[in-house]
Amino acid sequence: MTTSSPEQDQDAAAVEWDLAPLVDGGGDQAVASMLEEAERRAADFARAYAGQVAEFDADRLREAAAELAAISELVGRAGSYAMLRFSANTEDPATGALLQAAQERGAAIETKLLFFDLEWQALPDDRAEELLQDEGLEFVAHHLRVSRRLGPHRLSEPEERVVTEFRVTGRSAWSRLFEEQVAAIQVPLDGSTGLEEALSRLFSADRDERRSAAEAITEGFRPGLRTRAYIFNTLLQDKATEDRLRGFPHWLAARNIDNEASDESVEALVQAVRGRYEIARRWYRLKARILGVDKLADYDRNASVSATEDLMDWPTARDLVLDTYRSFSSTVGDVVARFFDERWIDAPPRPGKRSGAFSASTVPSVHPYVMLNWTGKRRDALVLAHELGHGVHQALAADRGVFHQNTPLTVAETASVFGETLTFGRLLDQSPDAASRLSLLAESIEGSIATVFRQVAMHTFEDAVHSERRTCGELPPDRFGELWAQSQEELFGDSVEVTEGYRSWWSYVHHFTSAPGYVYAYAYGQLLALSVYQRYVDEGESFVPSYVEMLSAGGSLAPEELGRMVGVDLTDPGFWNAGLDLVERQLDEAERAAVEAGAVA
Ligand SMILES: [Zn+2]
């Protein structure tokens, strides 16, 4: 740990990408020539195969899929290069134009290839399965199976066309109206403020400021509440109708298929988390003591618990993260070293650079790139470990090829959260005192509450409104508030007071209207990673090879099959509880640290 100021962190300033491998050193001009080649090959592809997929034997399917992979590599290289150039400097009109051109041409190429998926999906099940038995098709088999999964729920072609055309003025229009309504919300605070700014006041250390911000937000929610409730009602029914026409057995079925998550595993997750809400309540009770109040109110949940922030310089963080990954596994450590040695990382914040952090898998024939906005805070080391986890996963899975390198959302956080948790343990051990430990633990526990507990509570609310719309008809605006309050009170128990005003706070969440059933995936991904980590804690060294093998499988298998590779069963609530045990242990530690630091009476 050092206390150098972020501005002095010269070491981080020099950490920039080398994007040349994506374009073979050809620069921006190479983007156009790669897309030209892809366009030409896509046209040839359509000439060679359109209208013929039904007659394919395994050899021809393999040949076609290999050509598709090659085209997709070209588009992916060009698109990744343009996207990364833009991320590094969004203010340069040239990078914006490059990205726009790459996206437009990419979409045009995709359109030319669309027939393949449609014809493939139209094949009878037994014929498709027979073809996929061929060993030479391993590089594409799972992808082709997944693309057929919605098959039984597809309508006839003319019906699909009608649905697609009317969606623009139906579901999409309603969803956009909701967003516009939310974007227009004005909060009566300092005269009038936007919603984002008002919400950020809830992090204030001053309780009066938090309370008045919350009251003002509730006030700001009032004017369009009936309209937003009506939009939500309409979208609930729109979904019920489409689910009925497509023969989905329940409101979440389509989403689960999309996530490659079985109904059983989602049920096991939700059941496990709801059964352990006491973890979140214990934290809120501790937080009340730290903040010096009898009991938290809903507007206190985000208040920051520590005033100071520990710092760390780039070389220290680099050595820490590298050493952490190396001590876990030399295979993984070697991959991580390449990110540092071969300029796969772009670290410093710069004017015009995109905010946040990510790891872009790009294409299997090149390598992933990690973007950070390194500010020299200790928590940045955890972000570095997190993104490198994604990067390692993507790099190890590159051998699976373009169809199977990436995983569905539900397992995409496995390696990132795993690596972050490893590094977190190191940071905790190195913390100089109890106050420093407490701030680290607080951040981690609140992260788990936000991604696991809160998302499951939101999911419970969604489940209630979808079910009620289907059985009882349109919901009165107040009913949304009641069901929202119920789902939140179930989570908080007696640990947080849910104010009357908080009842309308369901009404600005885009996910509910734009992506029904989406929110549980956050909990699924995070807790899956923590539970797999717990497996490592229990098993030790012998766990490592199977874990590396699982990462190397990328998205070539369904999540539950990937789980089996490391000996876990995603349909068993006990599996999910293992990750929750880990959060509970952090809570025990936080309680001890709070007492030791004199943060509580
Ligand atoms: Zn992530």
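The largest cavity is lined by H393, V411, T414, L528, V532, M550, L551, P559, L562 and G563. A cavity here is a set of points, on a 1 Å grid over the protein atoms alone, where a 1.4 Å probe fits but cannot get out, and lining residues have an atom within 4 Å of a point. This is a predicted model, in which local features need pLDDT of at least 70 and side-chain atom pairs count only at pLDDT 80 or more, while totals for chains, interfaces and linings use all residues. Residues are numbered from 1 along each chain as its sequence is written, and side-chain values use heavy atoms, with hydrogens and water left out.

The space in the largest cavity is about 70 Å³, a volume being the space filled by probe spheres set on grid points that are joined across faces, edges and corners. Helix 22, helix 23 (544-552) and helix 24 (559-565) each give at least two residues to its lining, and helix 24 has the largest share, with three. Helices are DSSP runs of H or I of at least four residues, numbered from the N terminus. The lining holds seven nonpolar, three polar and no charged residues; Ala, Val, Leu, Ile, Met, Phe, Trp, Tyr, Cys and Pro count as nonpolar, Asp, Glu, Lys and Arg as charged, and the others, Gly among them, as polar.

Helix 22 covers residues 520-539 and reaches 28 Å from its first C-alpha to its last, close to the 28 Å expected at 1.5 Å a residue (1.5 Å times one less than the number of residues). Of its 20 residues, 15 are buried, so helix 22 is largely enclosed by the rest of the structure. Buried means under 20% relative accessible area, exposed over 50%, and partly exposed in between, with a 1.4 Å probe and protein chains only. Just after helix 22, G540 has a positive phi of about 75°.

The second largest cavity holds about 40 Å³. Its lining includes G389, A415, F418 and L551, and helix 18 supplies the largest share, three residues.

Next comes the zinc ion. Its protein donors are H386 (NE2), H390 (NE2), E413 (OE) and E413 (OE), at 2.1 to 2.7 Å; donors are N, O and S atoms within 2.8 Å of the metal (3.2 Å for Na, K and Ca), and since water is not among the atoms, sites may look incomplete. Along the chain the donors follow the spacing H-x3-H-x22-E. H390 in helix 17 and E413 in the loop between helix 17 and helix 18 (414-430) are 23 residues apart. H390 counts as buried because its relative accessibility is 14%, whereas E413, at 27%, counts as partly exposed. The four donor atoms subtend angles of 52 to 140°, which makes the arrangement irregular.

Two pockets remain. A pocket is an open set of points with protein on both sides within 12 Å along at least five of seven lines. The largest has a volume of about 1,300 Å³, and of its 46 lining residues F203, R301, N302, E446 and A450 are closest to the centre. Helix 19 gives the most to this lining, with 12 residues. By class, the lining has 25 nonpolar, 11 polar and 10 charged residues.

The second largest pocket has a volume of about 1,100 Å³. Among its 37 lining residues, L150, E160, R167, E242 and R246 lie nearest the centre. Helix 11 supplies the largest share, seven residues, and the lining divides into 15 nonpolar, eight polar and 14 charged residues.

Conventions
Four donors count as tetrahedral if all angles lie between 85 and 135 degrees; four count as square planar and six as octahedral if opposite donors are over 155 degrees apart and all others between 65 and 115; anything else is irregular.
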